[in-house]
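The following briefing concerns one predicted model. Please consult the sequence and the coordinates alongside the points below.

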Amino acid sequence: MISVVAVCAARSGAATALAASDLDVVLRTTDVGEAAGVAVAADVAVLDMATPGIDALGAIELLAAAPVLSVAGSAEHAAVLAAVRAGAAGYLVGPVGMLRLADAIRRVVAGEPVYSPGLAELVLTEHGRAETAAERLTEREAEVLRLVVEGLTGKQIAAQLVLSPRTVENHVQNTLRKLGLPNRAALVRYAIEHGLA
């Protein structure tokens, strides 16, 4: 029997579908902290992204002791990508019936990524872009990028890699250009979101 922790309002579609399923729902709550404590021993966490009073992306990160299946009312691309970057193993767009939700839960527990139709292509395209951009970086650019993300200044990076500060700045500028980013802050955010650092 698959054990499920659910963060959802009592009358949400996800709650209704879970109540009708043959899954072992060990906890259903709107309290993310409580759910995170139980998720450590659960097979999967189901998160209704529209649960009142929660920070959905923060909730995904807190529940990450178990694979997280996000359920939402809309397929807004930015929200889907943000959820996946936060660690969601799947993303379903409602309304979600019992059979569909139970099937998605079983697939996530088996290690499969699960997305509503049209979303898988979006996620794979974004992931492919990140990989392609990372592949275009030279070994030295990737090394400088990791140190930028760690918070080192240009002078500190130069000293650590035995380079001139100007050479370090050239590597940073080349990386910004290759990734199509405007500044270091965007570079750090991009590197973290795409697992480049």
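Valine 162 counts as exposed, at 72% relative accessibility; exposed denotes over 50% relative accessible area, buried under 20%, and partly exposed the range in between (1.4 Å probe, protein chains only). Valine 162 belongs to the loop between helix 8 (154-161) and helix 9, and its phi is positive, at about 55°, although the residue is not a glycine. The model is predicted, so local features need pLDDT of at least 70 and side-chain atom pairs count only at pLDDT 80 or more, whereas totals for chains, interfaces and linings use all residues. Residues are numbered from 1 along each chain as its sequence is written, and side-chain values use heavy atoms, with hydrogens and water left out.

- Six strands form an open sheet in the order 2-1-3-4-5-6, with parallel pairing; strands are DSSP E runs of at least two residues, helices are H or I runs of at least four, and both are numbered from the N terminus.
- Strand 2 (24-29) and strand 6 stand at the edges with a single partner strand each, so one side of each has no neighbour in the sheet.
- Strand 1 (residues 3-7) runs parallel to strand 2 and is joined to it by five bridges, where pairing requires at least two DSSP bridges between two strands.
- Valine 7 is placed opposite threonine 29 in strand 2.
- Helix 1 (residues 13-20) lies across strand 1, strand 2 and strand 3 (44-48), and runs at about 155° to strand 2.

- Four bridges pair strand 4 (residues 68-72) with strand 5 in the parallel sense, and valine 71 stands opposite leucine 92.
- Two bridges pair strand 5 with strand 6 (residues 114-115), also in the parallel sense, and tyrosine 91 stands opposite tyrosine 115.
- Strand 4, helix 4 (residues 77-86) and strand 5 make a right-handed β-α-β unit; right-handed means that, with the strands pointing away from the viewer, the path from the first strand over the helix to the second runs clockwise.

**Packing of helix 7 on helix 9**

- Helix 7 (residues 139-149) and helix 9 (residues 165-179) pack at about 95°, with axes 9 Å apart; axes are lines fitted to C-alpha atoms, for helices over the stretch in contact, and angles between N-to-C directions run from 0 to 180 degrees.
- Helix 7 is therefore roughly perpendicular to helix 9, a class that spans 65 to 115 degrees, while under 35 is roughly parallel, over 145 roughly antiparallel and the rest oblique.
- In helix 7, Arg140, Glu141, Val144 and Val148 meet Val168, His171, Val172, Asn174, Thr175 and Lys178 of helix 9, contact being heavy atoms within 4.5 Å.
- By class, this contact has four nonpolar, three polar and three charged residues.
- Histidine 171, in helix 9, is buried at a relative accessible area of 16%.
- Leaving aside residues up to four places away in sequence, histidine 171 touches Arg140, Glu141, Val144 and Leu163.

**Helix 10**

- Alanine 186 lies in helix 10 (residues 184-193) and is buried, with a relative accessible area of 10%.
- Alanine 186 and leucine 176 are ten residues apart in sequence, and their C-alpha atoms are 8.8 Å apart in space.

Terms used: Ala, Val, Leu, Ile, Met, Phe, Trp, Tyr, Cys and Pro count as nonpolar, Asp, Glu, Lys and Arg as charged, and the others, Gly among them, as polar.
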